[in-house]
Amino acid sequence: MRNTRLATLLLCTCIVLSSFFGKQALADYPLASFQKDTNWAMQQKDYDKAFAAAKQGLNRFPHDTWLLCHASLLAMYLDKEGEAISYRERALKEPNMKLENYFHIIRVSRDLEDFQRALDITQIAMIKFPESEALWACHAENLRSVGKLRESRNLFERYLTKKPQNLGVWLDVMDNSRDLSDWQAIVRAGDKMETAVAFNKTARQSIIYARCIAAKGNAHMHLKEFKQARSCFEKALQNMPMDRPILNSHMNACRELHDLQAVRRDQVKLADFDRGI
């Protein structure tokens, strides 16, 4: 009986000491190690573990914006929307937010489809980091999401004065102009885009380039400039030869030009496409 009580006492002592030393180890754990553990688990796509590491770090460093923003992002990955919002708002109260951290919580806001809040946060970030071209593009995207298409387009165009070979942003400009039914603006953007990448062979062979050229072709169709439209679609098809929407647009342009042989060729291609050939 005495041996049993002694064994129980020793076990309890071990548990207490283990808990004490565990807490002591966490108390001595530096901020960089919590960040490293969080980042490593994220790279492994172990979001539960990453979230736990971030929260542990915040118990010791409650004002660290890196941990707060990553905790917000990880909460979204884990469908914990309430916690994502809570960590986001805590981060925004801190005065030492870095640029990269703003992008994390803007992403959280967009994933929540809280586009107005994303817009608000981007505006705050732009006051602190006015020269960040990436923020201009992000702000333009948020403006578009809340329906401010002209302001969005203007900001995308401002971005392109600094990064004229970013084809994705040229397509954003064209999309905004399409939503505004501003077909001439799409044609102008397409011309400028082609000039910007005239000597960039890799860009001109890309899918996104073909998308931009096809958008320009669709604008020519709306303007009843069918010859220019066909030329654009043929150029786009060089990069995307079996893209059904572009093939269909090319066929329609050829029909308007009364080129029935070209129409029939496109009809065969479309039929082959539909049969999976």
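Some ground rules. Residues count from 1 along each chain as its sequence is written, and side-chain values use heavy atoms, leaving out hydrogens and water. In this predicted model, local features need pLDDT of at least 70 and side-chain atom pairs pLDDT 80 or more, while totals for chains, interfaces and linings use all residues.

The largest pocket holds about 170 Å³ of space. A pocket here is an open set of points on a 1 Å grid, where a 1.4 Å probe fits, with protein on both sides within 12 Å along at least five of seven lines. Lining residues have an atom within 4 Å of a point. Three helices each give the lining at least two residues: H10 (167–179), H11 (183–196) and H13 (207–222). Helices are DSSP runs of H or I, at least four residues. H13 has the largest share, with 6 residues. By type, the lining has 7 nonpolar, 2 polar and 3 charged residues. Among the lining residues are Asp-175, Arg-178, Trp-183, Arg-211 and His-222.

Now H15, residues 244–256. Its 13 residues reach 18 Å from first C-alpha to last, close to the 18 Å expected at 1.5 Å a residue. That expectation is 1.5 Å times one less than the residue count. At the start, a side-chain oxygen of Asp-243 comes within 3.0 Å of the backbone nitrogen of Ile-246.

Which helices do the buried residues of H15 pack against? They pack against H13, H14 (226–239) and H16 (260–275). Buried means under 20% relative accessible area, with a 1.4 Å probe and protein chains only. Contact means heavy atoms within 4.5 Å. The buried set includes Ile-246, Leu-247 and Met-251.

After H15 comes His-258, with a positive phi near 60°.

Definitions and conventions:
Points joined across faces, edges and corners; volume = space filled by probe spheres on them. Nonpolar A, V, L, I, M, F, W, Y, C, P; charged D, E, K, R; others polar. Buried < 20%, exposed > 50% of the residue type's maximum accessible area, 1.4 Å probe, protein only. Polar contact = N/O pair within 3.5 Å; in protein donor to acceptor, adjacent residues only side chain to side chain.
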